[in-house]
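Please work through the following exercises with the sequence and the model side by side, trying each task before reading its solution.

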Amino acid sequence: MAAPRASVHGEWSSSLFFILAATGSAVGLGNLWRFPYLVGDNGGGAFVVIYLLCILLVGLPIMMAEIMIGRRGRHSPINSLRLIARDEGLNPAWQGLGWLGVAAGFMILSFYSVVGGWALYYGFEAFQGGFRGIDTDTAGTLFEGVLASPGLVVLWHSIFLLLLFGIVAAGVRRGLQRAVTLLMPLLFLLLLFLVLYGALTGGFAETLAFMFRPDFSAVDGGTILTALGQAFFTLSLGMGAIMVYGAYLPSRASIPGNTVWIVGMDTLTAIIAGLAIFPVVFSAGMEPAQGPGLVFVTLPVVFGEITLGTLLGMVFFVLLSVAAITSGISLLEPAVAYLTERGPLSRAGAAAIITLAIWLLGIAAGLSLNVWADVRILPFADLGIFDLLEFVSNDIMLPLGGLLIAVFAAWRIRSKTRLVELGMPPDSLRFRLWLLVTRFVAPLAVVLVFMNALGLFG
Ligand code: PHE
């Protein structure tokens, strides 16, 4: 068996920084922007229940598998998979899984950066007092105005990516480690404040009923696919982001222990975001099914009403931007790590090339919200570019990547390798449970959900 490798990119100083970085990757627009509107669009409680099941039965075991592969390979996902396949005498084609992840990362970051740009712009608007006394109609018009303006969308998308480039090029860990240590707790405090505010404004009882009283009559194959896609998206799974962070994890750190923390923090943040946002929606008599504009329309109304709203609004949208940035970094890192490993480019050169490519794709995503609204890529006649990028990457590529990761980790590599990396005794209940779920439950869930969405069950 090959000797343990060291990471060529360096390692986190301790488990704590890994947890912070991986939580920074996981907690992002997926929790604060996407989760609430998906709950709103998919009928509430039933979606929440299915989502939680997906997190527990599919997300958690696959996150352990992903970190395990990363730490074993100690390289970018492409090279980690190639090296492990070589060590274990497996088909070298497994590195294709790394390429799938890189492609998914490009697609996700292109639209992610557009939304991250809105978050930055809203922070700026709040600073200028733009939300003062705003009502829901005006807030709706403001948001529609942003979407309708190609200049604004492209400008803020560019600023967002430029920030990301700066951080990744400079070497992520120093700046990033410090930033997440300070900003993640702050974000959490702010969300708690918003929940309290919501509890006092009324609409809270309605929110609890909406989020936690499941009505399964509205559930169909599409709902389940969306919940599964969201579970992968919110945990940053299936594309190598968590894998590459795992490559920098010190060997003595416990993979199962760290995973539970990351998954727990991420899930809690999503639920809190829902509890913060829906009371406002209900007490203002708005519709929960508002789609992607939800957070950008409801929260400005709150900030426009309350004392210190200008300051809090600014802080919230800055933190939303920060949460998006710490996630965006991890979307960029697998490709940048790979290009750096190949040489002769420096990390900064690699980051520049990749950021540029994503910037271009992101412009297409941004323009599809206004001037290119009618552009279609066949055979997807009913999705614009933005929605198409989101659908194909989140709902297809991430679950597919996750499925292959589960198969690789739980079926293909030697059991000795698994035991060493996971640090569990072979006959322990925990290990058996993980193996069972990763071998059968998680892959089967993904396959069934795909078949169902394709209409194969009638
Ligand atoms: N998990 C991030 C979020 O919830 C998005 C993300 C997806 C980041 C995939 C990395 C990889 O916002």
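Arg74 is buried, with a relative accessible area of 2%, where buried means under 20% relative accessible area, exposed over 50%, and partly exposed in between (1.4 Å probe, protein chains only). This is a predicted model, in which local features need pLDDT of at least 70 and side-chain atom pairs count only at pLDDT 80 or more, while totals for chains, interfaces and linings use all residues. Residues are numbered from 1 along each chain as its sequence is written, and side-chain values use heavy atoms, with hydrogens and water left out.

**Exercise 1.** Describe the backbone and the place of Arg74.

Solution. Begin with phi, which for Arg74 is near 60°, a positive value in a residue other than glycine.

**Exercise 2.** Decide whether Ser236 is buried or exposed.

Solution. Then take its relative accessible area, 11%, so Ser236 is buried.

**Exercise 3.** Find which residues Leu164 is in contact with, leaving aside its neighbours within four places in sequence.

Solution. Start in helix 7 (residues 150–169), which holds Leu164, and note that Leu164 counts as buried because its relative accessibility is 0%. Then search for contacts (heavy atoms within 4.5 Å), which gives Leu109, Ile325, Gly328, Ile329 and Leu332 as the partners of Leu164.

Terms used: Helices (H or I, at least four residues) and strands (E, at least two) are DSSP runs, numbered from the N terminus.
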